[in-house]
Amino acid sequence: MLYRLCAIALCLLLASCQKPEMPQGTIAKVERAISGQTIEVISTADKIALLEQIRLIGIDAPDLKQQPWGEAAKQRLEQLIGGKQVLLESDIEDKDQFDRKLAYLWQDKILLNEQLLKEGYVLASVRSSPNTKYQQRLINAQEWARLMGKGLWNPERPLRQTPAEFRQQNQK
């Protein structure tokens with residue numbers, strides 16, 4: 001128990017030492033959540049409304065077939081965005097291999113990628129990617145959820161396979 005409290009205190013100390021970032025990006029209206037890590041937004045480029053898929057940077061949500069975690073992550077993301085406008089902040093890499101735009105998702109000064117991690121709905125994705133602007137924040141949020149036993153870290157009902165392991169096993 002003492003170890004857990006020290007670890008929590010250390011995470012809070014590390015988070016408080018970071019200077020607050022003022023995100024820069026584009027405003028878009030969220031149409032819907034496709035999964036716990038992908039949304040559709042209506043963006044207006046050149047005065048033309050476009051429906052565009054956005055993949056949240058730095059997180060890996062359980063597959064929708066990984067029940068109950070996949071659907072729970074999608075529902076939580078839908079609750080957070082609620083058809084509102086969001087700020088899409090890009091990083092080094094613009095698109096993923098499926099041609100989805102990559103972005104950090106901000107709403108009311110809250111980094112939603114980080115919020116999903118803090119609440120234990122998704123995992124931090126630390127694979128080799130040039131998109132590392134908020135990597136330490138995302139890792140700290142996941143560690144917080146793990147230490148607190150939140151969501152997929154709940155010791156009574158933990159996620160047994162990472163989303164990547166699940167997809168690899170089920171693509172046959």
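## Salt bridges

Let's start with the charged pairs: this predicted model holds 8 salt bridges. One of them brings together the side chains of aspartate 60 and arginine 167, with an N to O distance of 3.1 Å. This pair ties together distant parts of the chain, since aspartate 60 belongs to strand S4 (residues 59-60) and arginine 167 to helix H5, 107 residues apart. As a reminder, side chains of opposite charge can pair when their charged atoms come close.

## The largest pocket

How much volume does the largest pocket have? The value comes to about 830 Å³. Its lining is made up of 38 residues, and those closest to the centre are Gln37, Arg55, Asp60, Ser125 and Arg127.

Sorted by class, the lining has 17 nonpolar residues, 13 polar ones and 8 charged ones.

## Around glutamine 142

Which backbone atom lies 2.5 Å from a polar atom of the glutamine 142 side chain? That atom is the backbone nitrogen of alanine 124.

Setting aside neighbours within four places in sequence, glutamine 142 is in contact with Leu117, Leu123, Ala124 and Trp153.

## Backbone details to look at

Most residues other than glycine have a negative phi, and most peptide bonds are trans. Two places in this model are worth a look with that in mind. Glutamine 67 and proline 68 are joined by a cis peptide bond, with omega at about 5°. Proline 68 sits in the loop between S4 and helix H2 (69-81).

The other place is aspartate 99, which is not a glycine but has a positive phi of about 65°. Aspartate 99 lies in the loop between strand S5 (85-89) and S6.

## Confidence

How does the predictor's confidence come out for the protein chain? The mean pLDDT is 87, and 84% of the residues reach 70 or more. Confidence is lowest in helix H1 (residues 2-17), where the mean is 59, and highest in helix H3 (residues 112-118), where the mean is 97.

Definitions and conventions: Residues are numbered from 1 along each chain as its sequence is written. This is a predicted model: local features need pLDDT of at least 70, side-chain atom pairs count only at pLDDT 80 or more; totals for chains, interfaces and linings use all residues. Side-chain values use heavy atoms; hydrogens and water are left out. pLDDT is the predictor's confidence in each residue, from 0 to 100. Helices (H or I, at least four residues) and strands (E, at least two) are DSSP runs, numbered from the N terminus. On a 1 Å grid over the protein atoms alone, a cavity is a set of points where a 1.4 Å probe fits but cannot get out, and a pocket is an open set with protein on both sides within 12 Å along at least five of seven lines; lining residues have an atom within 4 Å of a point. Grid points are joined across faces, edges and corners, and a volume is the space filled by probe spheres set on the points. Ala, Val, Leu, Ile, Met, Phe, Trp, Tyr, Cys and Pro count as nonpolar, Asp, Glu, Lys and Arg as charged, and the others, Gly among them, as polar. A polar contact is a pair of N or O atoms within 3.5 Å; within protein, one must be able to donate a hydrogen and the other to accept it, and residues adjacent in sequence count only if both atoms are side-chain atoms. Contact means heavy atoms within 4.5 Å. A salt bridge is a side-chain nitrogen of Lys or Arg within 4 Å of a carboxyl oxygen of Asp or Glu.
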